[in-house]
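This report describes how two protein chains meet and which side-chain pairings accompany that arrangement. The structure is shown below.

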2 protein chains.
Amino acid sequence: MTPATSLFTPVEADLRLLADNLKQLVGNRHPILFAAAEHLFGAGGKRIRPAIVLLISRATMLEQDITPRHRRLAEITEMIHTASLVHDDVVDESDVRRGVPTVHSLFGNRIAILAGDFLFAQSSWYLANLDNLEVVKLLSEVIMDLATGEIQQGLNRFDTSISIETYLQKSYYKTASLIANSSKAAGLLSEVSRETVEHLYSYGRHFGIAFQIVDDILDFTSTTDTLGKPVGSDLKSGNLTAPVLFALAQKPSLEVLIEREFAQEGDLEQALALIQDSQGIQQARELAAHHAKLAIEHLAVLPPSESHQALINIAEYTLSRLY
Amino acid sequence: MTPATSLFTPVEADLRLLADNLKQLVGNRHPILFAAAEHLFGAGGKRIRPAIVLLISRATMLEQDITPRHRRLAEITEMIHTASLVHDDVVDESDVRRGVPTVHSLFGNRIAILAGDFLFAQSSWYLANLDNLEVVKLLSEVIMDLATGEIQQGLNRFDTSISIETYLQKSYYKTASLIANSSKAAGLLSEVSRETVEHLYSYGRHFGIAFQIVDDILDFTSTTDTLGKPVGSDLKSGNLTAPVLFALAQKPSLEVLIEREFAQEGDLEQALALIQDSQGIQQARELAAHHAKLAIEHLAVLPPSESHQALINIAEYTLSRLY
């Protein structure tokens, strides 16, 4: 077992059930999607989003077992995430994700677009059948945020004038919104107090931002093997993340390289060297640590439990991936 | 004014308001989508779907004015339809629709996929905010049906063994489901009886099927100018519609041409001639007339009114397009 999955011990059995259910839910209505579903929900996804929903469900239902609606919420969360990945891969023309071929490279654009549409549609349908209008609204907002984040990222490509605030907002749309709103929804299904619900939202929001910053740092500090894609891919495609934005303030020559979109031989390598030579990565680490700390503070509202502790550990583990 | 729009007289002012609102709703959150929205909701769409929702709303609210929720439902209906067109155009790589360049040809695949996702997401969000769980469920089912229909159509390309029943089922998914379920939803918002709600659903279902059959016949009998795309486009792409399926029973040589996917010079022209020479188009006309008649019968449940009459006229007009 990898360090990442052992963090999920309190919901390990729940996650196994979820993986089986997801394959069935998607494959059942569409034999053609069955292959895609096997591929999507079988591939070594980290399942961190449904794990958090299930852990919050367990941490807020200490006296009873979690309900089928909690489980369905976790499934919906993973479905929405997967749908957005499938479309992102078409949009970005990525052939590989986490070292595994993408749906669009395996089955073509047509199936990838339709599979994404179907997953979004199916998640909306299951959502409506949770029979809780507030939860429906929260998760519909997430689907809108995902499209908004992707559009913003597209618009800001190679734009060296964007601020850290703009970057954080985009990170909220693309990553934190789903975790924050599904955390909040899990609390709503457990019928916890309004105050607790808002703390769960904030846990998800800060954790999601920390998670995204860490991911963005790893694009510079990890290896091609671990990433399953070339180091510096984000930078190359013009997606300017925290380390780059911090580095830009210290290395004026970086701006020129980015603005000409690495048109000249050696531009990308030079840019990567400038970032490594700056405080950018360190400052990004501190920003991630700040958000992880805030996330953990918002958990104080929950009574002590194994699941509560797991939620803390996940936030800490996220940072530890950097070292 | 064209004959088609004069049919909408009782809701003409409503439709003008709807067009303005749609441009604002979509453009507001996203400047980038503003251009796409202008293009989508400005282009000479027939707006038949929101017109039916508005007419049913008026026909079931004779004593009072229709509510903002009825209007929002009509907007959502057009948004869902537009989202599916945008993705269909990417999937089918169409450059022109109704003589107007498609979003994907104007703005590229990236924006087209994201604009479609955003429209689907936004319609789910507005849907949730109608605060009626039954309506949310009905329209979520529609979004799933649209993806299902498109997948089925893709799978059945050039398959000469499909039955008229399979064709009708696909037509329900692709076209009739949206009209049927939004007609039903309009009745629910007006709080009519369960019995009336089901008749409204059946009106929409039969009308939608008739509408699709007529569209499929026009692909053979209209002109390139009127269609805004070449005559026989469906057949060429392997989409076997009612006239083809009926013709196949009478012209065995048609099967060979289709199964080799018109690989040889003159195959498509020969196939078109065989269909023209068969009873296929006439039999498809009769099938459309049958469904239009059933649609009108289901309206008998509504009290007489100008809007009720308009709903009858629209079903009759749909058939008249064939002559």
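The model discussed here is predicted. Over all chains, the structure holds 28 salt bridges. One of them joins A:Asp131 to B:Lys137, with the closest N and O atoms 2.9 Å apart. This pair crosses between chains: A:Asp131 lies in the loop between helix 6 (103–128) and helix 7 of chain A, whereas B:Lys137 belongs to helix 7 of chain B. A second pairing is formed by the side chains of B:Asp131 and A:Lys137, again as a salt bridge, at 2.9 Å from N to O. Across the interface of chain B and chain A, the rule finds two salt bridges.

| A:Asp131 | B:Lys137 | 2.9 Å |

In general, side chains of opposite charge can pair when their charged atoms come close.

Polar contacts also link the two chains. Between chain B and chain A, six residue pairs are in polar contact, with both residues at pLDDT 80 or more. On the side of chain B that touches chain A, the elements giving two or more residues are helix 3 (31–42), helix 5 (68–91), helix 6 (103–128) and helix 7 (133–155) of chain B. Helix 7 of chain B supplies the largest share of that side, 14 residues. By residue class, the side of chain B that touches chain A divides into 19 nonpolar, 10 polar and 10 charged residues.

The extent of the interface can be stated in two ways. In residues, 39 of chain B are in contact with 39 of chain A. In area, about 3,600 Å² is buried between chain B and chain A, and carbon and sulfur atoms give 68% of it.

The arrangement of the copies follows. Chain B is superposed on chain A by a rotation of 180° with 0.0 Å of shift along its axis, at an RMSD of 0.0 Å. This is the relation of a two-fold axis. The same surface serves both copies, as 100% of the contact residues of chain B recur in chain A.

Aromatic rings provide another set of pairings, with a count of 10 aromatic pairs over all chains. Among them are A:Phe158 and A:Phe262, whose ring centres are 6.1 Å apart and whose planes stand at 65°, so the pair is edge-to-face. A:Phe158 lies in the loop between helix 7 (133–155) and helix 8 (164–189) of chain A, and A:Phe262 in the loop between helix 13 (252–259) and helix 14 (267–277) of chain A, so the pair ties together parts that are 104 residues apart in sequence.

How values were computed: Residues are numbered from 1 along each chain as its sequence is written. Chains are lettered from A and ligands numbered from 1 in the order in which they are written. This is a predicted model: local features need pLDDT of at least 70, side-chain atom pairs count only at pLDDT 80 or more; totals for chains, interfaces and linings use all residues. Side-chain values use heavy atoms; hydrogens and water are left out. Copies are superposed by least squares on the C-alpha atoms of residues with pLDDT of at least 70 in both. Contact means heavy atoms within 4.5 Å. Buried area is the accessible area (1.4 Å probe) that two parts lose on being put together, summed over both. A salt bridge is a side-chain nitrogen of Lys or Arg within 4 Å of a carboxyl oxygen of Asp or Glu. A polar contact is a pair of N or O atoms within 3.5 Å; within protein, one must be able to donate a hydrogen and the other to accept it, and residues adjacent in sequence count only if both atoms are side-chain atoms. Helices (H or I, at least four residues) and strands (E, at least two) are DSSP runs, numbered from the N terminus. Ala, Val, Leu, Ile, Met, Phe, Trp, Tyr, Cys and Pro count as nonpolar, Asp, Glu, Lys and Arg as charged, and the others, Gly among them, as polar. Rings of Phe, Tyr and Trp (its six-membered ring) pair if their centres lie within 6.5 Å; planes under 30 degrees apart count as stacked, over 60 as edge-to-face and the rest as tilted.
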